[in-house]
Amino acid sequence: MLKRKNAVLVDGVVLNGPIIDSKAGEQLIEEAYKMIIEEAVRKATDVTEKVCEWQPPEQLKKLLDVELRDSGEHHQRLLQLCQSVIRYSVKTSHPRFFNQLYAGMDHYSLVARFITEALNPSVYTYEVSPVFLLLEEATLKKMIEFIGWKEGDGIFSPGGSISNMYATNLARYKYCPDIKEKGLSGAQRLVMFTSEESHYSMKKAASFLGIGTQNVYFVKADDSGKMIPEELEKQIQRAKQEGAAPFLVCATAGTTVLGAFDPLDKLADICEHHGLWFHVDASWGGAALLSKKHCKLLHGIHRADSVAWNPHKMLMAGIQCCALLVKDNTDLLKRCHSAQATYLFQQDKFYDVKYDTGDKSIQCSRRADAFKFWLMWKALGTRGLAERVDRALALSRYLVAEIKKREGFQLLMEPEYANVCFWYIPPSLRNMEQDQEFWQKLHQVAPVIKERMMKKGSMMLGYQPHRDKVNFFRQIVISPQVSREDMDFLLDEIDLLGKDL
């Protein structure tokens with residue numbers, strides 16, 4: 001320990017001066033930054049590198065040295081550990097990562113993340129986060145404009161699932177505001193409606209908010225995955241006949257598996273007729289609003305009461321970047337969620353306290369997620385963002401055309417968005433009658449090919465069964481780094497990995 005003159009001790013602890021070696025810390029950051037740029041930016045986006053370096057869990061624990069100890073490690077060891085973390089992580093920015101509804105690397109967003117990580121802001125009051133509150137306000141205003149509302153409100157949340165939960169809570173508060181203070185004990189049984197193709201977060205919202213999963217009425221979808229309006233009407237009538245209180249309809253603009261868009265105008269008509277809150281989960285499909293070519297997919301979204309939209313998906317703003325947008329402009333968000341903590345939201349501050357937006361949120365500490373999207377939008381402009389959407393969907397159409405040409409590949413359906421769903425049928429099954437035995441065998445094909453591609457590290461592609469369909473691949477195109485050659489490689493690689501099955 002360094003000897004300090006005139007040392008002040010309390011409980012045996014020296015209080016003079018800092019105990020952190022800032023110079024050593026800054027050197028670590030500089031060295032780590034070089035590594036990040038080389039390994040997590042350049043190599044991670046290089047198509048000639050692996051998408052992943054697969055290791056089974058127990059082996060990976062040893063390679064990462066996950067155990068935490070009483071004594072700290074020296075900086076060189078920490079850099080080695082950082083290198084291992086990057087090496088064995090999945091490279092989601094790789095041009096051949098097609099596994100999820102997010103992919104690719106936006107460099108502007110990454111710069112914004114570097115800045116927010118260094119500044120470590122919490123976005124709840126203007127006094128501690130003046131810049132990021134103003135940037136969030138500007139970003140929300142622009143998103144509201146693209147939905148087609150003249151005014152509105154909103155907040156960035158930690159995920160589309162949370163945005164959907166916000167919307168559920170807002171709808172309930174609007175229907176019966178007394179629940180906020182009096183609770184559920186004396187409340188009428190509430191029922192909410194969503195498509196059988198909707199995101200599972202609606203079911204979780206019902207559970208978390210005490211509505212109950214049995215009070216989520218799932219509405220039938222057609223073969224393309226769209227909610228059937230006539231079936232919604234039947235379910236609403238059923239709930240009323242049971243003596244329950246319908247309060248919310250959730251439509252989906254871009255379903256997770258099939259990429260389907262519900263008929264928003266027709267659903268809005270039904271909601272208007274019955275006086276129900278109309279929420280649109282556009283977490284995946286919201287990006288199409290920026291495209292003049294494809295915004296028609298969301299025709300009628302301006303009639304929604306609330307919208308969930310995740311710029312971290314198709315627009316690549318970096319996880320997490322998700323907004324809940326609300327048509328109401330009477331402070332409904334704040335009235336529903338506020339707790340009026342006097343140590344944060346004092347009303348006698350020296351500035352305009354309307355900029356203290358934190359009481360709209362169910363969180364206290366909140367990340368400056370809007371900054372990522374704001375900086376991207378500044379860099380690319382609306383035209384640049386729209387170009388990304390248009391190119392992704394054009395690549396999807398190219399892939400569909402190639403699937404139709406190739407023996408052994410079969411489309412599930414014509415895609416509406418960037419979700420291309422298809423089967424690979426290996427040579428051993430191509431001459432079989434498509435009976436129960438055929439489908440049972442085909443069900444086993446995708447998981448084996450997925451295992452092989454992961455262990456090879458050549459690409460990552462998702463698969464799943466869905467409704468009455470056996471396992472099929474779901475190809476998602478997002479990143480502008482993806483090329484036609486990557487689409488060709490995808491099909492070639494699947495054939496290479498699966499032709500012996």
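Helices here are DSSP runs of H or I with at least four residues, strands are E runs of at least two, and both are numbered from the N terminus. The structure in every view is a predicted model.

View 1. The UniProt record, an unreviewed entry, places the feature "modified residue: N6-(pyridoxal phosphate)lysine" at Lys313. Lys313 has a relative accessibility of 16% and therefore counts as buried, the limit being under 20%. Leaving out residues up to four places away in sequence, Lys313 touches Leu101, Tyr102, Ser283, Trp284 and Ile478.

**View 2. Backbone geometry at Met316 and at the bond from Ile319 to Gln320.** Most residues other than glycine have a negative phi, and most peptide bonds are trans. Met316 has a positive phi, near 65°. Met316 belongs to the loop between S9 and S10, and its relative accessible area of 4% makes it buried. The peptide bond that leads from Ile319 to Gln320 is cis, with omega near 0°. Gln320 is also placed in the loop between S9 and S10.

**View 3. Arg467, between strand S13 and strand S14.** Strand S13 spans 460–466 and strand S14 spans 469–476; Arg467 is in the loop that lies between them. Arg467 is not a glycine, yet its phi is positive, at about 50°. With 45% relative accessibility, Arg467 counts as partly exposed.

**View 4. The largest nonpolar core, with 100 residues.** The members that touch the most other members are Phe278, Val280, Leu298, Leu325 and Ile494. Helix H12, residues 370–405, supplies the largest share of this core, with twelve residues. Another core lies apart from it and has 27 residues, including Tyr166, Ala206, Trp277 and Cys336.

**View 5. Contacts around Leu325.** What does Leu325 contact beyond its neighbours within four places in sequence? One stretch of partners consists of Leu140, Met143, Ile144, Ile147, Trp149, Asp153 and Gly154.

**View 6. Lys360, in the loop between helix H11 and H12.** Helix H11 covers 332–337. Is Lys360 buried or exposed? Lys360 counts as buried because its relative accessibility is 14%, and the buried class is under 20%. When residues up to four places away in sequence are not counted, Lys360 touches Asp153, Gly154, Ile155, Tyr166, Leu333, Lys334 and His337.

**View 7. Salt bridges at Asp369, with Arg367 and with Lys372.** Side chains of opposite charge can pair when their charged atoms come close. A search of the whole structure finds 39 salt bridges. Asp369 pairs with Arg367 at 3.8 Å, N to O, and with Lys372, where the closest N and O atoms are 3.3 Å apart. Arg367 is partly exposed at 42% relative accessibility. Asp369 is buried, with a relative accessible area of 5%, and Lys372 is buried at 3% relative accessibility. Elsewhere, salt bridges with shared partners join Asp65, Arg69, Glu73 and Arg77 into one network.

**View 8. The salt bridge between Glu39 and Lys43.** The side chains of Glu39 and Lys43 meet at 3.3 Å, N to O. Lys43 counts as partly exposed, with a relative accessibility of 31%.

**View 9. A nonpolar surface patch made by Val8, Val10, Val13 and Leu15.** The area of the patch is about 330 Å². Val8 is located in the segment before strand S1, which comprises residues 9–10. A relative accessible area of 44% makes Val8 partly exposed.

**View 10. Tyr398, in helix H12.** Tyr398 counts as partly exposed at 24% relative accessibility. Its contacts, apart from residues up to four places away in sequence, are Arg484, Met487 and Asp488. Tyr398 and Cys250 are separated by 148 residues in sequence and by 32 Å in space, C-alpha to C-alpha.

Definitions and conventions
Residues numbered from 1 in each chain as written. Predicted model: local features only at pLDDT ≥ 70, side-chain atom pairs only at ≥ 80, totals over all residues. Heavy atoms only, no water. Core = buried A, V, L, I, M, F, W, Y, C linked by side-chain atoms within 4.5 Å. Buried < 20%, exposed > 50% of the residue type's maximum accessible area, 1.4 Å probe, protein only. Contact = heavy atoms within 4.5 Å. Salt bridge = Lys/Arg side-chain N within 4 Å of Asp/Glu carboxyl O. Patch = residues over 30% accessible without salt bridge, like charges linked within 9 Å, V, L, I, M, F, W, Y side chains within 5 Å. Areas by Shrake-Rupley, 256 points an atom, 1.4 Å probe, with all protein chains shown as cover. UniProt positions renumbered as here; feature names shortened; annotations may be inferred.
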